[in-house]
Amino acid sequence: MKSGVFDKKAFIQSVRDNLKNLYRKTLEEADQQEIFQAVSFAVKDVINDRWLATQQVFDKEDPKIVYYMSMEFLMGRALGNNLINLKEYKEVREALDEIGLNLDVIEDQEPDPALGNGGLGRLAACFMDSLSTLGYAAYGCGIRYRYGMFKQKIQDGFQVEVPDNWLKNGYPFELHRPEYTYEIKFGGHVRTESREDGSLRFVQEDYQSVLAIPYDMPVVGYGNNVVNTLMIWDAAAKDYFELDSFDKGDYQKAVEQQNLARNLVEVLYPNDNHVAGKELRLKQQYFFVSASVQRALARYKKNHDDIRRLPEKVTFQLNDTHPTVTVAELMRILVDEEGLGWDEAWEITTKTCAYTNHTIMAEALEKWPIEIFQRLLPRIYQIVDEINRRFVLQIQERYPGDDGKVARMAILYDGQVKMAHLAIVAGYSVNGVARLHTEILKNEQLHDFYEMFPEKFNNKTNGITQRRFLMHGNPLLADWVTKHIGDGWITELMQLARLVPYASDAKAQKEFMEIKRRNKVRLAEYIKEHNGIEVDPDSIFDVQVKRLHEYKRQFLNILHVMYLYNELKANPQMDFYPRTFIFGAKAAAGYRNAKLTIKLINSVADVINNDADIKGKIKVVFIEDYRVSNAEWIFAAADVSEQISTASKEASGTGNMKFMLNGALTLGTMDGANVEMAEEVGMENIFIFGMSSEEVIAHERNRDYDPMQIYNSDEGIRKVVNQLVDGTFSPNDPGLFRDLYNSLLNTQCTQYADTYFILKDFRSYVDAQKRIVEYYQDKQAWAKSAILNTAHAGKFSSDRTIQEYVDEIWHLDHITVPDALVAKM
Ligand SMILES: *Cc1c(COP(=O)(O)O)cnc(C)c1O
């Protein structure tokens, strides 16, 4: 297997040996979890040869390295994906089959490593896959949370959060690297002393420290022997006997440091697009950033003696503002430890750090109270203060007397540290994640910065990896595509355009829709098993799966379901094509309206699914615990993809791209990457509705939107809104959904009513839903559009996105890892 020739017998022997060594069991005695472990270790053996070989190439060729700094990596299960990228998936399935084992069952034993919330974390995971596949040297840098994203249970229609103990059985794909342990210092104070040459030295004293210990996870490239590393940090306390001399005997402090280490990496904050502003979160940020920067510089210094040339070999990409302290930590090391002057250090830092913006929403912009920041990170604060002082001078020089500019742009203002401002000032690149989003950044949210640093701003439209979201998630369609156009699409997704001629071919249409149906049957079985609900695979599968957030407007979707139900109830004989509305979403644990929306969806499902009058023509399903592993199946089975965010609010979206690749038709607003999807697939093959981002922004600016007017003048809307509070869906507690009702109509609730323009877009949404059902009934037209969606999804590969980052931001060197080198390991 060393150079890619799979040997069934050797593989099975390796599995047997692993069972013997790990559990002292035979294949016949082992349970499925044990078999999963044994199979995974056998796969890791194969990976390790490539991983070692890749490291040797790094050492020999000294390529420039990107450190992708991210609080979140939503990796999903590794076993199946690793086999796919090793090009051994089918062979291993057959080999296991021959000894009576089923790879699906074995894969299902793996916990989803869910070290992320949603899109931002999944993007980081797709990027790692593409970096390896394209042959670039990269480290993903993050945190090894003991508990990842919570598991969601639905009890009585409500979300209940259950801890995700993903490390319970041990995770076979991680590698403990205690030899790369670093010390991270919090708190205390900074003493200034003079060096012999008269310059100042800053020494942090009286601090609390924790040790950062990395675990490496392999990131296997597709068919190219390249294995990059996801480096996630665990925390540990210093051994009592190894405490610094001035801490010896300070028992209280020793205990505090133990607690700090225990709490630091305990759990992922389950907020998506929202900051909670907790002190522990800032500690997490500095912890993984400091450890990663120390590691990156140590690696650089091993082979280079001129720190001034760091930007030629290292770049840090900041995934949102969460890792922005990278900038100050790098300055600290360059000035305090390497002894560089401020200007020299600044020159290096501003050529090494680049920032990706993921949101324009106020509640998601990170601002830390100076008090917390300074107390926790005293030296880092001094550095930020100096960066700010110099930047404010720069603003004043350019805009004399314009205090508004300083107020809007300073890094430190109003007692707060504005992380986005720091990232923009210190970064050499600021990118948005879809064309529309980048334009809004330049023209609205970050306009002042764009005026000052136009050259920094650029767009990198997000993407997804086709290896996981087509090959692994939808093997039937993957094989169908390969049958028609060969397998080049696996690493060059633009080749999907060669499917265009088949879109009008009757036989291809039939095959394509037959595959869609088989995937719908697979999902229907999953739903039957998990929800106990029978759904008809011949109904339209209309799907909205993503984090629950008001701006994503699951509320609009379920209000429309209520509206349809009212129509059907009023006229049971009406012409009605059967529909299945499928939802999946986790809500942040403290987000009340989001959690109430989950309850509403489940309450509506209860009433509708059990109403004999409508003869099963509408079914509503809430899939529990939406996560990467079940997502793969859901995308494969969707007819309609709901991407209905209030225009201007969704920076890009990536779920939209996964559905498109799998041949679903999008029902969406002109928001995020939907705009570019429409451009690729053509307006005939996508269903667009609602206000444009310009209209939304104009209403927000003028504050002239009045939902009451719509409520008063539209009877159909009034009826569903009233049903939120008349007990139709909560007979035992008619007031249950009062807060959702208020969010639509009551100005007391937020700054103004219906912040997300749900009633405003409602009629347009109803109309688009009508158009899409009518279209579905023209089987040929639908099949053609479905194939064209897959055929035009090429742009949305994360391979394209990563190549753009490489060409325009990172400037990495391409590496190759020859088979011959792997064979020597
Ligand atoms: C792709 C993905 C997301 C992001 O979905 P959006 O619709 O872009 O918000 C969230 N969670 C999981 C599990 C995903 O796979």
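Hi everyone, two housekeeping points before we look at the structure. Residues are numbered from 1 along each chain as its sequence is written, and side-chain values use heavy atoms, with hydrogens and water left out. Since the model is predicted, local features need pLDDT of at least 70 and side-chain atom pairs count only at pLDDT 80 or more, while totals for chains, interfaces and linings use all residues.

Let's start with the rings. A pair of aromatic rings is described by the distance of the centres and the angle of the planes. Here, rings of Phe, Tyr and Trp (its six-membered ring) pair if their centres lie within 6.5 Å; planes under 30 degrees apart count as stacked, over 60 as edge-to-face and the rest as tilted. How many aromatic pairs does the structure hold? The count is 26. Take phenylalanine 127 and tyrosine 805: their ring centres are 5.4 Å apart and their planes stand at 65 degrees, so this pair is edge-to-face. It links distant parts of the chain, with phenylalanine 127 in helix H6 (residues 119-134) and tyrosine 805 in helix H32 (residues 798-810), 678 residues apart. When I say helix or strand, I mean a DSSP run, numbered from the N terminus: helices are H or I with at least four residues, strands are E with at least two. Both phenylalanine 127 and tyrosine 805 are buried. Buried means under 20% relative accessible area, exposed means over 50%, and partly exposed is in between, using a 1.4 Å probe and protein chains only.

Now a second pair, tryptophan 480 and phenylalanine 512. The centres are 5.3 Å apart and the planes are at 75 degrees, so this pair is edge-to-face. Tryptophan 480 sits in helix H19 (residues 475-485) and phenylalanine 512 in helix H20 (residues 506-531), so the pair ties together parts 32 residues apart in sequence. Tryptophan 480 and phenylalanine 512 are both buried.

Arginine 295 lies over the face of tyrosine 180, at 3.7 Å from the ring centre. Lysine 456 does this over phenylalanine 453, at 4.1 Å from the ring centre.

On to helix packing. Axes are lines fitted to C-alpha atoms, for helices over the stretch in contact, and angles run from 0 to 180 degrees between N-to-C directions. Helix H8 (residues 279-303) packs with helix H10 (residues 325-337) at about 45 degrees, their axes 9 Å apart. H8 and H10 are therefore oblique to each other. For these words, under 35 degrees is roughly parallel, over 145 roughly antiparallel, 65 to 115 roughly perpendicular, and the rest oblique.

Helix H7 (residues 251-264) also packs with H8, at about 85 degrees with axes 10 Å apart, and H7 and H8 are therefore roughly perpendicular. Among the residues that meet there are Leu260 in H7 and Phe287 in H8. Contact here means heavy atoms within 4.5 Å.

Not counting residues up to four places away in sequence, glutamate 329 touches Tyr286, Val289, Ser290, Val293, Gln294 and Ile380.

Next, helix H23 (628-637). Of its 10 residues, 9 are buried, so H23 is largely enclosed by the rest of the structure. What covers those buried residues includes H6, helix H18 (466-472), H20, strand S18 (540-545) and helix H24 (655-661).

Most residues other than glycine have a negative phi. Aspartate 414, though not a glycine, has a positive phi of about 60 degrees. Aspartate 414 is in the loop between strand S14 (412-413) and strand S15 (416-418), and at 66% relative accessibility it counts as exposed. Aspartate 625 has a positive phi as well, near 55 degrees. Aspartate 625 is in the loop between strand S20 (618-622) and H23, and at 6% relative accessibility it counts as buried.

How values were computed:
Lys NZ or Arg CZ within 6 Å of the ring centre and 35° of its normal.
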